[in-house]
Amino acid sequence: MDEIVVKSLSTPNCQQEVINVLSKIAVNLPGVIFQVLQRQDGSVSVLYLSSGCQNLFEIEPEVIAADFQVLSKLIHPQDLKAFRESITVCSTTFTPWHWEGRIITPSRMKWIQASYSVEPQQQGDLLWNGLVMDITEQKLAQEKLQESEARYKAILSAIPDLMFRISRDGEYLDLKSEGANVTLAREEIVGKNLQELLPSDVAAISQEAIAKTLDTGTLQTCEYQLPTPLGVRDYEARLVVSGEDEILAIVRDITERKQAEIALQNLAQKFAKAFSCSPDSITISSLKEGRFLEVNDSFIKLSGYQRDETIGKTSFDLNLWIDAGDRLKLIQELQATGAIRNLELQFRQKSGKIITVLLSAEVIDLDGIPCLLAVHHDITQRKHQEAKLRLSAERDRLLAETLVRIRSSLNLEQVLQTTVTEVRQFLQADRVFITLNNANLEIRTIAESVDPKYPSVSGWSTNDEAYIQELRNFLKNNVVRVVEDITQMPLSSKVTVHCQKFQTKASLAVPIMLDEELFGALIANQCSAPRHWQPIEIDLLQQMSQQVAIAIHQSRIYQELAQLNTNLEHQVRERTAQLQQKIQEVEELHRIKDVVLHTVAHDLRTSVIGNLMVLKNLLNQGVRNTLTPEPEKTQTHKDTVTPKDGDLKIQTVEERENSLTASEHLPIFASSSSQIPISRSIIERMIQGNDRQLTMINSLLEINCSEKQGLGIKLELVQFSTLLAGIFAQLEPILTQNQATVKNLIPLDLPLVMADATRLQKVVAHLVTRSLENNLPGINFTLSTTVEAGMIRTQIQDDGVAMSKLERDRLFDLHVRDPQDCCSTSIGLKMYLCRQVIKAHGGEIGAITNRKRGLTFWFTLPLATTSATNRP
């Protein structure tokens with residue numbers, strides 16, 4: 001077209017020919033062709049304008065020819081600046097002009113594409129040759145394409161799967177790995193072949209799938225496993241054709257799905273096994289009709305119907321429901337609650353037998369069809385057992401009440417009458433009665449309960465020996481006689497007449513035995529019809545017969561007791577008088593014992609106290625004499641002879657001096673002319689012996705007083721830690737003398753106790769003295785206390801010699817000690833008094849032998865109560 005324009009400009013005479021050519025071209029173009037002359041003075045003349053301007057600009061050609069600037073008014077305001085700038089550049093440089101923009105026409109906004117060239121003319125004019133095309137549809141298609149591309153790009157970005165472009169020969173052309181767990185970088189994948197990156201088996205599967213996809217043009221799917229740092233993972237690849245000899249592969253990690261599928265398969269297998277192996281009947285039926293879709297073996301066993309007889313049939317077809325309305329109630333309950341648990345219902349088996357089940361059901365959906373999953377637990381046997389248990393409980397109640405009546409009542413007639421009444425009520429029999437033999441060799445009825453519709457046997461008796469013998473033979477050898485139908489039993493004419501007279505149809509007779517002899521019978525009759533007697537009913541009559549025998553035996557004993565009562569009362573009066581006389585004699589003996597004990601104790605105390613005074617004076621006098629000894633005669637030779645028991649004993653001077661030192665011997669003046677030397681230790685041991693005797697006498701008196709009058713305990717609030725500290729402070733001299741040490745572990749914040757401080761001081765002193773007297777010097781004591789269960793527990797532990805179990809068990813008992821025992825009798829009395837004192841406080845005392853060595857004394861005392869603590 002440019003060439004045509006040039007020719008037209010170079011040959012002015014051919015202008016009309018050019019216009020004709022442009023017109024022909026414009027007919028075949030979907031746009032506007034124009035030629036405009038811009039003169040030097042700025043005026044513009046439209047030389048040519050194709051007819052398409054009306055369709056494009058929706059303006060008449062004449063309007064545009066009159067004012068070409070009207071077109072600039074159609075340009076979109078946002079595009080106007082760019083339009084003017086491009087015109088200016090083109091006018092200045094005379095380069096071709098290309099512009100795309102929007103115009104606003106009366107009908108709508110349009111996109112146009114304008115191109116033109118400018119050619120300078122003579123006299124400075126400019127000739128514009130141009131073409132304007134309507135590209136609105138292209139732009140809209142382009143925008144839609146861009147939107148579609150953006151949308152698909154967003155979708156692809158949101159997809160976490162791997163995407164590969166792969167060629168037919170297995171080369172990776174491109175990939176999208178955003179959001180996927182890929183261990184290789186992009187450059188390590190693109191350009192590589194399947195055989196280089198995948199295991200051989202996986203590469204072979206993938207190559208085959210690529211070929212099949214390209215050959216068939218259809219979607220192909222393959223699954224494979226790959227080892228990863230997280231372990232072996234399962235993947236699924238979907239392949240589609242994306243170009244010539246290339247496919248797009250979308251790869252997804254399906255490990256979790258595979259695991260879920262396996263778990264679901266395992267679960268389905270478990271449910272299938274549970275369904276088929278369940279001991280309870282399980283059925284699946286349609287909710288609307290109740291048509292069976294599936295049943296397990298337990299249902300076949302429970303109902304009696306085979307599988308082919310059940311599947312496709314309804315429960316009504318099989319006549320399972322006892323009450324057809326029960327299924328309607330079941331459906332209504334399911335609709336209201338959604339599930340049913342342990343609903344008790346009755347069903348009919350194929351054999352016609354009625355069974356009782358607990359029904360649990362839920363509504364499930366199978367392929368869009370509401371179905372009923374039902375589990376039936378057969379409780380028929382349990383219901384029978386419950387009925388038996390109820391009968392058994394009623395029987396036990398009846399037996400217990402009868403036993404209570406027998407034990408609490410001596411009225412035999414009342415006991416027997418109540419018994420037959422309650423037995424008939426339990427058995428629902430027409431008649432129950434008791435017959436007894438009497439001393440006149442006759443049989444008579446002594447108690448009866450009978451339905452008013454039938455004759456009574458009350459007061460009936462007979463002395464017919466043949467008849468009596470026949471009845472006895474009937475119950476001989478303590479045998480229960482069960483007759484379910486009298487007409488089927490071979491009976492004598494007399495018995496038959498008797499049964500007809502009293503309308504007896506069935507009978508249950510149990511003998512009443514006393515001392516292995518038949519004394520009577522407990523009999524139940526059914527007069528309305530023959531009857532099958534249940535084992536529990538037979539057992540009841542047997543046990544009731546035993547209770548009746550006890551009641552009769554008890555009545556006899558009572559009569560014998562009444563006969564013996566008078567003699568017994570006389571004997572009791574005589575024995576009472578004798579006992580009173582013996583009591584007076586014992587009281588007199590106790591009085592004499594107290595007098596003797598106090599008299600002997602008084603005399604012994606006087607003698608012992610006197611001996612102590614003499615021995616202590618001797619000891620003190622010996623000490624004074626030691627301080628001022630008399631001068632001894634000088635020995636002229638080294639050895640001296642000392643007579644003893646008629647023999648001669650040679651002593652050296654040193655031996656005599658050592659034996660006569662003031663610390664070992666004291667002179668005792670037997671007369672004015674002679675002295676008898678006695679060891680100081682002997683006098684001290686004599687003093688200790690007298691002290692022990694005095695202590696023993698005091699202990700005996702205290703024990704005697706406590707047994708007669710009790711210990712006088714004066715309780716007061718005591719701070720226990722302070723009390724123990726004071727006691728051991730008083731024991732310090734004797735502890736020092738025995739080189740003993742005390743480790744005090746007693747906390748200072750112990751609770752208060754109610755105690756007699758003086759008595760407790762003696763207890764602790766006795767326990768410590770016992771350890772000191774039975775061990776060598778140097779013993780170590782450890783004191784400790786604990787508070788537990790409202791008591792305070794004190795332990796005095798030593799590391800001395802241990803104690804045998806026998807001695808430990810008898811340590812606090814009152815008994816005479818063995819002469820060879822290491823503990824004297826006085827110590828035993830003290831230990832006994834210790835236990836009496838602690839018990840009087842409400843506590844306990846004991847001893848524990850330590851594993852290695854030593855002994856631990858312990859005693860407990862109750863803590864002071866709140867009321868005692870708040871007492872002013």
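Start by selecting Phe83, Trp97 and Trp99, which form one aromatic cluster in this predicted model. Rings of Phe, Tyr and Trp (its six-membered ring) count as a pair if their centres lie within 6.5 Å, with planes under 30 degrees apart called stacked, over 60 edge-to-face and the rest tilted. Trp97 is buried at a relative accessible area of 5%, and Trp99 is buried at 8%, where buried means under 20% relative accessible area, exposed over 50% and partly exposed in between (1.4 Å probe, protein chains only). A search of the whole structure finds eight aromatic pairs.

Residues are numbered from 1 along each chain as its sequence is written. Local features need pLDDT of at least 70 and side-chain atom pairs count only at pLDDT 80 or more, while totals for chains, interfaces and linings use all residues, and side-chain values use heavy atoms, with hydrogens and water left out.

Next, select Tyr224 and Tyr235, a stacked aromatic pair with 6.0 Å from centre to centre and 25° between the planes. Tyr224 lies in strand β8 (residues 220-228) and Tyr235 in strand β9 (residues 231-243), 11 residues apart; helices (H or I, at least four residues) and strands (E, at least two) are DSSP runs, numbered from the N terminus. Tyr224 is buried at 12% relative accessible area, and Tyr235 is buried at 14%.

Now turn to charges over rings, a term that requires NZ of Lys or CZ of Arg within 6 Å of the ring centre and within 35 degrees of the ring normal. Select Lys139 with Trp111, where the charged end of the lysine sits over the ring, 4.6 Å from its centre; then select Arg793 with Trp858, where the corresponding distance is 4.4 Å.

Move on to helix α20 (residues 720-730), whose buried residues are Phe720, Ser721, Leu723, Leu724, Ile727 and Phe728. They span an arc of only 160° around the axis, and therefore lie on the same side of α20; the arc is taken from the directions from the helix axis to the C-beta atoms.

Finish with the backbone at Asn342, which has a positive phi of about 55° although it is not a glycine. Asn342 belongs to strand β13 (residues 339-348) and is exposed, at 53% relative accessibility.
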